[in-house]
Amino acid sequence: MATEEKKGITVKVDADLHAEVRRNLEQNGMTMGEFVAIALHNELHPKNNQKEDTQMGNMRTLAFQVPEELFQKLKDYLTRHGISQKQFVIGLIEKEIDRDFNELNSQTASETDDQLFLVKGGNGARPNGIGRKVFGEFLKDGEPTNFFRDEIIGVLRDEHLLAWAEEKLQDMSEEAPTLTMQ
């Protein structure tokens, strides 16, 4: 919002509405000029007022406390940019999640390749196994090795496999010897 030259706006409103505005001003520590400027800005620039609840599906509550000084700085920022606290916090969360996602996906192929391990057996591979050892081989080069169960980060679902890993698993299943009964 422009701050150079100021012009006056005079309007008459219903007494109940005026009282409600006054209560709001007192609760938020704002002047009438600040309130009207925000209201006009929001009305004239609706792109800053996203439809929040209708596009978000199921909603959950996120609440936390911040120091008063930080809260005042936040209020000033929100006023200058014409956005709500909710829009601001959701924007921060989305930005950080996107940054984290991009960081995870920017690993080099060799780093990712070295992490994929095909478990072939061991008591540690059984959900209720007594032992902790897990035996198998790295998908990248077929190097056989073993780990303790707690060294395995997790199981990669088929839908998240990289194309080269799918091909490697397919090749391995074709190369596996088949048993025949005589």
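Lys 120 is exposed, at 54% relative accessible area. Exposed means over 50%, buried under 20%, and partly exposed in between (1.4 Å probe, protein chains only). Glu 137 counts as buried, at 14%. The two side chains meet in a salt bridge, 2.8 Å from N to O. Glu 137 lies in strand S2 and Lys 120 in strand S1, so the pair ties together parts that are 17 residues apart in sequence.

## Model and confidence

This is a predicted model: local features need pLDDT of at least 70, side-chain atom pairs count only at pLDDT 80 or more, and totals for chains, interfaces and linings use all residues. Residues are numbered from 1 along each chain as its sequence is written, and side-chain values use heavy atoms, without hydrogens and water.

Mean pLDDT (the predictor's confidence in each residue, from 0 to 100) is 80 for the protein, and 84% of its residues reach 70 or more. Helix H3 (residues 68-81) has the highest mean among the elements, 92. Helix H5 (residues 109-113) has the lowest, 57. Over residues 48-53, pLDDT stays under 50.

## The sheet

Three strands form an open sheet in the order S1-S2-S3, with antiparallel pairing. S1 (117-121) and S3 (144-148) are the edge strands, each pairing on one side only. Neighbouring strands are turned by 40 degrees against each other on average, direction ignored. The axes are lines fitted to C-alpha atoms, and angles run from 0 to 180 degrees between N-to-C directions.

S1 and S2 (residues 133-138) pair over four bridges. Pairing requires at least two DSSP bridges. Strands are DSSP runs of E, at least two residues; helices are runs of H or I, at least four. Leu 118 has Glu 137 as its bridge partner in S2.

## Core and Met 172

The largest nonpolar core holds five residues: Leu 116, Leu 139, Leu 161, Ala 165 and Met 172. Such a core is a set of buried Ala, Val, Leu, Ile, Met, Phe, Trp, Tyr and Cys residues joined through side-chain atoms within 4.5 Å.

Beyond four places in sequence, Met 172 touches Leu 118, Lys 120, Glu 137 and Leu 139. Contact means heavy atoms within 4.5 Å.

## Salt bridges in helices

The count comes to four salt bridges. Each is a side-chain nitrogen of Lys or Arg within 4 Å of a carboxyl oxygen of Asp or Glu. Lys 73 pairs with Glu 69 at 3.6 Å. They are four residues apart in helix H3, about one helical turn.

Arg 99 pairs with Glu 96 at 2.5 Å. They are three residues apart in helix H4 (residues 85-105).
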